[in-house]
Every structure is written in C-alpha cells, then in structure tokens.
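This report concerns the arrangement of strands and helices in one protein model. Please look over the sequence and the structure before reading on.

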Amino acid sequence: MLIDKGRWTGPILDNHFHLDRGHRFLDAALDFKRAGGTDLVLVHKPDFSDLPLSLDGWRIAYDDTLAMASEVRKEVGLGVRVVLGPHPASWAHQRQALGSEVASELYVDAVELAIEYCNEGQACAVGEVGRPHWAVEEDVWSEANELLSWTMEKAAKENLTLQLHVEGDGASTYADLAAMAEKCGLSPSRLVRHHAPSEVDLATTAGLIPSVVVGKGSVETIMATIADCKDGFVMETDYMDDAKRPGAVLGPKTVPKRTQALVAAGLDEEELWLAHHEIPLRLYGESE
Ligand SMILES: [Zn+2]
C-alpha cells in the first residue's frame, strides 16, 4: 500500500523543472526532496542573453544542463531525467535577430543534437519545443508550425517523446496538436503538454498527456475531470529558478504538497502511481 494513514508514501515526480547555477540550483532541488520529492524531469533552460549561435554552442549549453543533472543526482540524491531542446521563444528571438533562415537552421541543429543525446541515453525526450504562446504575425505562426511538424516527424521516426510548450488553455489547442501528430505519424501519447490546465478528461486532452501545472484550484479540477481521463496525467511546477521571478511559476515544494492534497481529496492510489511512476516510465524510460 502506497497510501498509508492518508499520506502518499510512493515516488513523487515533478515533470517540468528548470535549474540555474546563477540562482538557487542545488538548494531548490533540496527543497523538492525535503518536501517528499523523489524524481525530477530537468528541462533545458535557455539563456536568452546568450543563445547558441552554432551547433557547438548548443552542445556547450546542453552539456551544462547534463552536468547540473549529475550534480543533483550526486549531491541531492534525486532521480533526474533530462529533456533537451530549443525553447520556442529561443527560435522567435533568433528569428528577429538573425532572420528566418539562420534561426531555423539553428533550431534544426538544436533538435538534431537533442535527438543524438537521447539516442546516447544522456537525455530522455526533446523539449521544450512548440510554438509561440503569445500573439505573433501570420508568417511567424506558419513557420513555427512547419518546424513543429518537422519535429513531430523526427520524434515519430526516433520513437521519442516531445515536451510541448504551446499557446492557450482550452481544448482546441489539444485537438489541433493531436491532428498535427496524426499527420506526422506520431502517436499523441508521445506528446506531453507542458504547463497544461487542470482538466484531464479525454474530451479536453485528445489523447495527449497533460502535465498539469498544479497551482491553486488544480486539485478540485483534477478531481472533477479524472473519471473521464483515459491516459493519465503528470504534474509539474515549471519552476524557473529565476532571480528576477523567485518562486515562479510554482515553488519547488508544490508537487509533493499537491500530491498529498490529492490523496486527501480521494484520488486513487492507482492514479498517483500512474502520475509519478508508470507514465514517466512510458514516456521517458527509467530514471537515472
Ligand atoms: Zn519550461
């Protein structure tokens, strides 16, 4: 029994977490562990003041994320999986600064290198990739969609999971992404929607895996929609480890806290096992 006297005693995974050597780094990971966390999915954090300008630049940037993951494993004792990729805002910034052609080449380099690291077993998925979550010109939007389609085709061929950063809150984005995945030969169950709203029912998610950002009110909405959830859900804080926005998006202790709140609200052991173990295993393979 993983629920003992009303408390979850099993693994606790945060599916989208960033770390920054210039900010709290190991202390943030330690906060997560002390609150009951066991596993992090560490997502590459772009440095917008110094974005890579070559394949080698991407390698240096990714290597630092991998090095941070090893330090967290060794110094803090957490399981850490690493997700590498070009953030949609990185591409948009570079498109503005360097033009569409150069920015797209850098994007392709970044995705191909991330796939190489996945195939070597150093990373477990590509992300966060997606499309702008702010209003953009028509041509930017269509180029972003072309790049995303190309990325989905790659993921299908390599049998890899994508962590998506996309626009909007509602069901229409999910349906659109599921249709796009189908065209690319990719199962929607290989798509994780990062920063997802709390509705986890299949009518909303269209077969994608929602990574619910578990802010205030999320427990109630998860409980209200869980009966119609088909493929499960995972939880995240989208912790940014950013000096300018401390505690954003949610603090490192939030997933452990909400996990206990979900138990108190009556969520089944089976759903929690899916969220913290089974789905991550399916999406990414074993934790290191
Ligand atoms: Zn993120």
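The model is a predicted one.

**The sheet**

Eight strands make up an open sheet, and their order is β3-β4-β5-β6-β7-β8-β9-β10. The pairing in this sheet is parallel. The edges are taken by β3 (13–17) and β10 (234–236). Each of these two has a single partner strand, so one side of β3 and one side of β10 are left without a neighbour in the sheet. From one strand to the next, the twist averages 25 degrees.

On the sheet packs helix α6 (residues 171–183), which touches β7, β8 (191–196) and β9 (209–213). The direction of α6 makes about 160 degrees with that of β8.

**Strand pairs**

| Strands | Bridges | Sense | Bridge partners |
|---|---|---|---|
| β4 (residues 39–43) and β5 | five bridges | parallel | Leu-42 and Val-82 |
| β5 (residues 79–84) and β6 | two bridges | parallel | Val-83 and Ala-125 |

In β5, Val-82 is the bridge partner of Leu-42, while Val-83 has its bridge partner, Ala-125, in β6.

How many of the six residues of β6 (residues 125–130) are buried? Six of the six are buried, so strand β6 is largely enclosed by the rest of the structure.

**Packing of α1 and α2**

Two packed helices are described by the angle between their axes and by the distance between those axes. For helix α1 (residues 26–34) and helix α2 (residues 55–76), the angle is about 55 degrees and the axes are 10 Å apart. That angle makes α1 oblique to α2. The crossing of the two helices, α1 and α2, is right-handed.

Which residues make the contact between α1 and α2? Helix α1 contributes Leu-26, Ala-29, Leu-30 and Lys-33. From α2 come Glu-71, Val-72, Glu-75 and Val-76. Sorted by class, the contact of α1 with α2 has five nonpolar residues and three charged residues, with no polar ones.

Definitions and conventions:
Residues numbered from 1 in each chain as written. Predicted model: local features only at pLDDT ≥ 70, side-chain atom pairs only at ≥ 80, totals over all residues. Heavy atoms only, no water. Axes fitted to C-alpha atoms, helices over the stretch in contact; angles between N-to-C directions. Helix = DSSP H or I, 4+ residues; strand = E, 2+ residues; numbered from the N terminus. Parallel < 35°, antiparallel > 145°, perpendicular 65-115°, else oblique. Left-handed = near helix turned anticlockwise from the far one by under 90°. Contact = heavy atoms within 4.5 Å. Nonpolar A, V, L, I, M, F, W, Y, C, P; charged D, E, K, R; others polar. Buried < 20%, exposed > 50% of the residue type's maximum accessible area, 1.4 Å probe, protein only. Pairing = 2+ DSSP bridges.
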